[in-house]
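User: Can you walk me through this one? I'd like to begin with the aromatic residues.

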Amino acid sequence: MLSAIIDRVGEYRIQFREPEFETLVRSIVYQQLSGRVASVIFGRLQAAAGPPMTPASILKLRPARMRKLGLSTQKTAYIRDLARHTRDGRVVFEELPGLPDEAVIDRLTLVKGIGVWTAHMFLIFALQRPDILPTGDLGIRNAMRKAYGMAGLPTPAEMETIAAGWRPFCSVASWYLWRSLEGAAEL
């Protein structure tokens, strides 16, 4: 099932980001938005707050200005909360690579607007952790449902059972599952 996806998708070509403040801000901006819209808004925020984008440069922007860039009131609050957590040393990006996965999740989810899904994405795409299964990701759930002929979306427990044979490379399998959906959208 996964092997058929790998054969169809081809070579593994994940693109990583730096494990830094701006990467997590980007994740917040992209939450629940189409890629094109999020890219425009993030570009505006980068121009207004950088380069480089720092907690101080974010906190210098007034919330009204951030909203004019296209950010919702809620995302503005989340990004500012991340900036405060970082400025005050409650999130230290230099420490995150040395922490176990669960400790990274615990630290990041203290910030308003950063849930387990966002922490999983940071672990995969910034910290390059090879064995993350984002059980809350709708794309992964849909891809598993399709690949394994399930009637409904799998529960996190079902996902863990399916993924047991992928360990210690669940991040790689997840990348392939995401890619497997790209062709379906074009049909």
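Predicted model: local features only at pLDDT ≥ 70, side-chain atom pairs only at ≥ 80, totals over all residues.

User: How many aromatic pairs does the structure hold?

Analyst: Six. One of them is Phe 21 with Phe 93, an edge-to-face pair at 6.4 Å centre to centre and 85° between the planes. That pair links distant parts of the chain, 72 residues apart: Phe 21 is in helix H2 (residues 21-30), and Phe 93 is in the loop between helix H6 (73-87) and helix H7 (101-108). Helices here are DSSP runs (H or I, at least four residues), numbered from the N terminus.

User: Are Phe 21 and Phe 93 buried or exposed?

Analyst: Phe 21 is buried, at 6% relative accessible area, and Phe 93 is buried at 7%. Buried means under 20% relative accessible area, exposed over 50%, and partly exposed in between (1.4 Å probe, protein chains only).

User: What sits over the ring of Tyr 30?

Analyst: The charged end of Arg 26, 4.1 Å from the ring centre. The criterion is NZ of Lys or CZ of Arg within 6 Å of the ring centre and within 35 degrees of the ring normal.

User: Pockets next. What is the volume of the largest pocket?

Analyst: About 630 Å³. Its lining has 21 residues, and those nearest the centre are Arg 17, Arg 26, Trp 117, Met 121 and Phe 125. H2, helix H8 (116-125), H9 and helix H11 (170-186) each give two or more residues to the lining. A pocket is an open set of points on a 1 Å grid over the protein atoms alone, where a 1.4 Å probe fits, with protein on both sides within 12 Å along at least five of seven lines; lining residues have an atom within 4 Å of a point. Grid points are joined across faces, edges and corners, and the volume is the space filled by probe spheres set on the points.

User: Which residues of H9 are buried?

Analyst: In H9 (residues 138-147), Gly 139, Ile 140, Ala 143 and Met 144 are buried. They are on the same side of H9, because they cover an arc of only 130° around the axis, taken from the directions from the helix axis to the C-beta atoms.

User: What caps the N-terminal end of H9?

Analyst: Asp 137, with a side-chain oxygen 3.0 Å from the backbone nitrogen of Gly 139. After H9 comes Gly 149, with a positive phi near 60°.

User: Where are the cis peptide bonds around Pro 51?

Analyst: One joins Gly 50 and Pro 51, with omega about -10°. Another joins Pro 51 and Pro 52, with omega about -15°. Pro 51 lies in the loop between helix H3 (35-49) and helix H4 (55-60), and Pro 52 is in the loop between H3 and H4.

User: And what is phi for Gln 32 and Gln 128?

Analyst: Gln 32 has a positive phi of about 60° although it is not a glycine. It lies in the loop between H2 and H3 and is exposed at 83% relative accessibility. Gln 128 has phi near 55°, also positive in a residue other than glycine. Gln 128 is in the loop between H8 and H9 and is partly exposed at 46%.

Notes. Residues numbered from 1 in each chain as written. Heavy atoms only, no water. Polar contact = N/O pair within 3.5 Å; in protein donor to acceptor, adjacent residues only side chain to side chain. Phe/Tyr/Trp six-rings, centres within 6.5 Å; stacked < 30°, edge-to-face > 60°.
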